[in-house]
Each structure stands twice: as C-alpha cells, then as structure tokens.
Amino acid sequence: MSLRLALLWLTALFSVASQAQNLDKGKEINSTCAGCHGEFGQGGSRGEYPRLAGQGAKYLESQLKAFRARTRINIPMYPYTQERELPDEDIKDVAAYLASIELPTKWPVFKDSDDALTRLTMTERVMIIPRVTGNLANGEAIYQKQCHTCHGKTGMGRGMFPMLVGQYTSYLKRQMDKYVKGDRPHDEEAIGGLLNKLREEDMQDILAYITSLQEQQ
C-alpha cells in the first residue's frame with residue numbers, strides 16, 4: 001500500500017470514529033425517556049407513547065429538535081428538549097442508542113439455564129403489534145403507491161422518514177388525524193397533503209396493511 005493510500009485510509013478511519021456516537025451516554029440519557037417510552041424504547045402499552053426503538057437516528061434527532069423549536073407542538077416534551085437539558089450532542093447520542101435497539105417480534109425460546117429475571121427481561125422486549133381490521137388489498141395499493149417512497153416498501157422508514165411497521169396502531173392513527181387537521185406538519189404538505197386526500201376507511205386500510213407487514217420482518 002502506498003503512503004498516500006495509507007494516509008487516506010487512516011483519515012477515513014478517524015473520520016468514521018469521530019462521527020460515532022456514545023451509545024453508553026445515550027443509554028444513560030434514555031433513563032429519563034424511559035419514564036414514558038419504556039426501558040427499551042418500546043413505548044406505552046396502549047400507544048399513548050410511541051415506540052422509539054429501532055427508529056432512524058436522523059428522524060429521532062429531527063423530532064427532538066422540532067419539539068425544542070416548537071415546530072412540532074408537544075408541551076410535555078418541550079422542557080426535556082431544551083438545549084440546557086439536552087444539548088445537540090446528547091440528542092445524537094440518545095437517538096443513536098434508541099436506533100440501535102432491536103425488539104423481537106416472536107416469543108423467545110428459553111433455555112433450561114435461564115433464570116426468572118432473564119426470562120422476564122426477554123419477554124418484556126418482545127414487540128408484537130396486533131392485527132387490525134381493514135381491506136389489506138386496498139391498504140397495500142395505497143401504501144405502495146403513495147407512502148413507500150418515504151417510509152420504505154416494508155414500512156421500515158428511510159433517512160428523515162420514520163419507521164411505521166411495529167409502531168402502535170392507535171398512535172399512528174392519532175398522528176394521521178393530526179396531519180389531516182393541520183395540528184402536526186407533514187413533509188408532504190408542500191405537494192398537497194397526501195393524507196388529506198384519503199377517506200377515513202382508506203386510512204384504516206393502510207393501518208391494517210402496516211400491521212400485516214410486521215409478520216414479514
């Protein structure tokens with residue numbers, strides 16, 4: 001390897017290392033978030049608080065900053081996101097930590113050597129969203145035509161756009177209603193607001209389709 005290539009390789013290596021976030025610090029910060037969103041970022045059992053585990057780091061960062069700037073109104077979140085409480089570097093750390101959490105969608109198979117605490121912890125991490133009623137064919141057609149560009153064909157999200165699969169259905173419906181009413185800004189509003197063009201039953205069908213996607217993960 002030439003000296004020039006070696007220097008370029010080392011520069012790239014140090015650049016990647018400098019960009020890596022402190023997951024241990026993120027886990028520590030998450031102890032505050034866990035009061036509502038759960039120890040593993042699993043959210044509230046009835047969808048009163050959204051799942052954060054597995055969400056894209058960039059999306060989580062953007063939402064925390066939106067709460068701080070009040071471009072997304074959420075009064076309980078506002079004080080926690082102020083820079084004196086959660087500076088930008090902390091936002092990156094906790095977002096990276098939450099993004100790294102994987103929640104299984106199938107019940108664990110225990111070993112005979114697993115003690116009660118291990119079994120309980122493994123069970124608490126399982127995230128299974130119940131299927132909801134709706135026309136799956138219609139939901140799939142609408143989703144794959146109008147939603148997949150941002151949220152991905154399998155609902156796993158991409159870049160600044162959130163993962164939808166594995167999220168509480170009641171939470172997703174609440175956010176849909178907020179978009180339609182204009183209570184929450186939506187990235188697609190600049191081109192007419194896709195959700196505003198849908199019927200109530202269409203939105204239910206999309207939710208039904210999203211719950212069916214979890215079984216494919």
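Reader: What makes the pair of Asp177 and Lys173 a salt bridge?

Author: Their closest N and O atoms are 2.7 Å apart. The term asks for a side-chain nitrogen of Lys or Arg within 4 Å of a carboxyl oxygen of Asp or Glu, so this pair qualifies. Bear in mind that this is a predicted model, where local features need pLDDT of at least 70 and side-chain atom pairs count only at pLDDT 80 or more, while totals for chains, interfaces and linings use all residues. Residues are numbered from 1 along each chain as its sequence is written, and side-chain values use heavy atoms, with hydrogens and water left out.

Reader: How do you know that Asp177 and Lys173 are separated by about one helical turn?

Author: Both belong to helix α7, which covers residues 169-181, and they are four residues apart there; that is why the separation comes to about one turn. Helices here are DSSP runs (H or I, at least four residues; strands are E, at least two), numbered from the N terminus.

Reader: Why does Lys173 get one burial label and Asp177 another?

Author: The cut-offs on relative accessible area are under 20% for buried, over 50% for exposed, and partly exposed in between (1.4 Å probe, protein chains only). Lys173 has 18%, so it counts as buried. Asp177 has 26% and therefore counts as partly exposed.

Reader: What else does Lys173 bridge to, and what makes that a link between distant parts of the chain?

Author: Lys173 also meets the side chain of Glu200 in a salt bridge, at 2.7 Å from N to O. Lys173 sits in helix α7 and Glu200 in helix α8 (residues 200-213), 27 residues apart, and the pair links distant parts of the chain. Glu200 is at 45% relative accessibility, so it goes down as partly exposed.

Reader: What makes the crossing of α7 and α8 right-handed, and at what angle do they pack?

Author: The angle is about 145°, and the axes are 11 Å apart. Axes are lines fitted to C-alpha atoms, for helices over the stretch in contact, with angles from 0 to 180 degrees between N-to-C directions. A crossing is left-handed if the near helix is turned anticlockwise from the far one by less than a right angle, and right-handed if clockwise; this one is right-handed.

Reader: Which residues meet there?

Author: On the α7 side they are Thr169, Leu172, Lys173, Met176 and Val180, and they meet Glu200, Met203, Ile206, Leu207, Ile210 and Thr211 in α8. Contact means heavy atoms within 4.5 Å. These residues divide into seven nonpolar, two polar and two charged; Ala, Val, Leu, Ile, Met, Phe, Trp, Tyr, Cys and Pro go under nonpolar, Asp, Glu, Lys and Arg under charged, and the others, Gly among them, under polar.

Reader: How many aromatic pairs are there, and why is the pair of Tyr143 and Tyr209 called what it is called?

Author: There is one aromatic pair. The ring centres of Tyr143 and Tyr209 are 5.7 Å apart and the planes are at 50°, so the pair is tilted. Rings of Phe, Tyr and Trp (its six-membered ring) pair if their centres lie within 6.5 Å, and planes under 30 degrees apart are stacked, over 60 edge-to-face, the rest tilted. Tyr143 is in helix α6 (residues 136-151) and Tyr209 in helix α8, 66 residues apart. Both tyrosines are buried.

Reader: What about Tyr59: buried or exposed?

Author: Tyr59 has a relative accessible area of 11%, so it is buried. It is found in helix α3 (residues 57-69). Leaving aside residues up to four places away in sequence, Tyr59 touches Arg72, Gly159, Met160, Phe161, Pro162 and Arg184. Tyr59 and Phe161 are 102 residues apart in sequence, with 5.9 Å from C-alpha to C-alpha.

Reader: How much of the protein chain counts as buried, and what is its secondary structure?

Author: Of its 217 residues, 38% count as buried. The chain has eight helices and zero strands.
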